[in-house]
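Subject: Structure handover

Hello,

Here is the structure I promised to pass on. Please open it alongside this email; my notes follow below.

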Amino acid sequence: MHIAQHFFELRAHYRAQPDRLLFPVTVEKLSEVWYCTPRNVKKIVRDLSEQGWIQWQAGRGRGHTSQLAFIADENELLSSEIKRKMAQGQIKEAMDWMNRFGTPAARELLIDWLSGEMGFSRRRVEGDAQDTLRFPVHRALETLDPALAYYAFDSHIISQVFNTLVEYDPDARELKPCLAHTWTSGPDATTWTFHLGKHILFHHGRELAASDVVFSLDRIRQHADRYSASWMLQDVVSIEAVDSRTVRIALARPNVLLPRFLSTAAMSIVPEELARASGDAFARQPVGTGSFRITQLDEGLCALESFPRHFRGSPLLDRVEVYILPGVEEGRIRQPDWNSVLSSDGRAQRPSSPADTDPPQDWHDLEARCICCSVLAFNLRKDGPHRHPAFRHAMDRLLDRERMIADLGDSLIIPADGFRPAAIAAPMAADRPTTEETGAIRRLLLESGYAGETLRLSSNSYHETEANWIIACCRAYGIQVELRITNEVPGQAGAGEPDDFDCRLFGYVPIHPEITEMGAYL
């Protein structure tokens, strides 16, 4: 254990004692504070004294207590230690220390300091300038195995580390070459041939081969129980390496969408030997062909460094640091000034003057809204009142979307009756259901045969507030709901049985809108 932690544990226990004032203690009491033997207590006390953090006067003889005084300023020392840990990439431990030992005032100061650390910076590393972008996220990275990706942010990081055979340009609405420089299909779209580019390297130095493509796609299609993206390959009869740079895919029936499917993050190409040998560990030690490679991945930090041998050239940024801060309220840490990174001509600039931050005349500001639709899905594989269409119809009518937005606000914007928002709706009046509507809902429940059974609702912590709102609405109509909060990723190792719930509330983010919507329906 680090000596500073002993100091903070001691200071937390004697919080009421003022600095630089001696007070009586016993070795036995300190043993309880540090959960150690009296012998170790003496060593810790000696170390803290040598650091100049405490003053210690040992009691002389039996029955004489010792005297202790705190010399070091707790907040200054904590700030110094947390900054040191941050610099060493020990983000989770630093945040744990801040939450465990920091006073409210100290935490506020540290959060302000951490906000200032976000954004673009340039520093000298071994004589060269290194451009780094640092930003916070407020949920954990679940997996960086492309085939297992479930959350949108995971898929975004995956797209920096891996490449797919082809890429989809949503603006031009067309497919473009990536790992495959060209591809062809037979006249009936049942045979597709992809030709790989030359000298494409994985991060560990080996050249991409057709066998990697065969392995990457086969592991998904042959294990539908493990990989939810397998539906995109359900028509595939065989995938073969014609030679080291040519892959042929045969289908049972025509599918002109196959190249579009192969452009999704789940279909990223992985190195066969590493993915086979690593097994589940590959998700935490990913190796791809992407423009960035992972250099650190733990509970607090995901660090990516540019891959200088990337087949499209090195990216503009040298390093990206993603601080993973699930315990910090969103909005407490300021997002970076994204204008401080300009890439129109390959420059990365600091916001030191208007010339640095004013964009060129031909630039246009764009604002994009990331759409996430909250979905309540019923488990029709499980017996219960929810299997009756009238019950689900009643649930649909009693959940007043406009009232939910009025009550909860936050990021809720548009009442949803499907995955696609037709337009940004104007503010709506959130009236309570009319007597007529209430009667219709009760008639539907009566038709369904609902007799007071408890409905088991599963959700995650990100949707807990919405889940509790739904429970309150159900209670008003006599529907009993039991909530289970779990952040397990459905279908992944360690997740609970898929049929132990009646309904699940989750967020749907259309990363590839047409494809993910098709997958959601299937």
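**Helix 1 and its cover**

Most of helix 1 (residues 3-13) is covered, with nine of its 11 residues buried. Buried means under 20% relative accessible area, exposed over 50%, and partly exposed in between (1.4 Å probe, protein chains only). Helices (H or I, at least four residues) and strands (E, at least two) are DSSP runs, numbered from the N terminus.

This is a predicted model: local features need pLDDT of at least 70, side-chain atom pairs count only at pLDDT 80 or more, and totals for chains, interfaces and linings use all residues. Residues are numbered from 1 along each chain as its sequence is written, and side-chain values use heavy atoms, with hydrogens and water left out.

The buried residues of helix 1 are Ile3, Ala4, Gln5, His6, Phe7, Phe8, Glu9, Leu10 and Arg11. What covers them? The cover includes helix 2, helix 3, strand 2 (54-57), strand 3 (66-70), helix 4 (74-87) and helix 5 (91-101). Contact here means heavy atoms within 4.5 Å.

**The chain as a whole**

The protein chain has 16 helices and 18 strands. Of its 522 residues, 43% are buried. Take the contacts between residues at least 6 apart in sequence: 63% of them join residues at least 24 apart.

**Two helix pairs**

Helix 2 (residues 27-34) and helix 3 (residues 38-50) have axes that come within 9 Å and cross at roughly 85°. That makes helix 2 roughly perpendicular to helix 3. Axes are lines fitted to C-alpha atoms, for helices over the stretch in contact, and angles run from 0 to 180 degrees between N-to-C directions. Angles under 35 degrees count as roughly parallel, over 145 as roughly antiparallel, 65 to 115 as roughly perpendicular and the rest as oblique.

Helix 2 contributes Val27, Leu30, Ser31 and Trp34. They meet Pro38, Val41, Ile44, Val45 and Leu48 of helix 3. By class, that contact has eight nonpolar residues, one polar and no charged. Ala, Val, Leu, Ile, Met, Phe, Trp, Tyr, Cys and Pro count as nonpolar, Asp, Glu, Lys and Arg as charged, and the others, Gly among them, as polar.

Now helix 5 and helix 6 (residues 104-117). Their axes come within 10 Å and cross at roughly 155°. Helix 5 is therefore roughly antiparallel to helix 6. Met95, Met98 and Asn99 of helix 5 make the contact with Arg107, Leu110, Ile111 and Leu114 of helix 6. Five of these residues are nonpolar, one is polar and one is charged.

**Sheets and a hairpin**

Three strands form an open sheet in the order 1-3-2, and the pairing is antiparallel. Two strands pair if DSSP finds at least two bridges between them. Strand 1 (23-25) and strand 2 are the edge strands, each pairing on one side only. On average, neighbouring strands of this sheet are turned by 35° against each other, direction ignored. Strand 1 is joined to strand 3 by three bridges. Valine 25 has serine 66 in strand 3 as its bridge partner.

A second open sheet has four strands, ordered 8-9-11-10, again with antiparallel pairing. Strand 8 (180-185) and strand 10 (236-243) are at the edges with a single partner strand each, so one side of each is left without a neighbour in the sheet. Six bridges link strand 10 with strand 11 (residues 246-251). Serine 238 stands opposite alanine 250 in strand 11. Helix 8 (residues 210-221) lies across strand 9 (191-196), strand 10 and strand 11, and runs at about 165° to strand 10.

Strand 4 (residues 119-125) and strand 5 are antiparallel, joined by seven bridges. They form a hairpin with two residues between them. In the turn, glutamate 126 has a positive phi of about 55°. Serine 121 faces threonine 132 in strand 5.

**Histidine 138**

Where does histidine 138 lie? It is in the loop between strand 5 (128-137) and helix 7 (152-161). Histidine 138 is buried, at 13% relative accessible area. Its side chain reaches the backbone oxygen of leucine 325 at 3.3 Å. That is a polar contact: a pair of N or O atoms within 3.5 Å; within protein, one must be able to donate a hydrogen and the other to accept it, and residues adjacent in sequence count only if both atoms are side-chain atoms. Beyond its neighbours within four places in sequence, histidine 138 is in contact with Leu325, Pro326, Val328, Glu329, Glu330, Gly331 and Tyr462.

Best wishes
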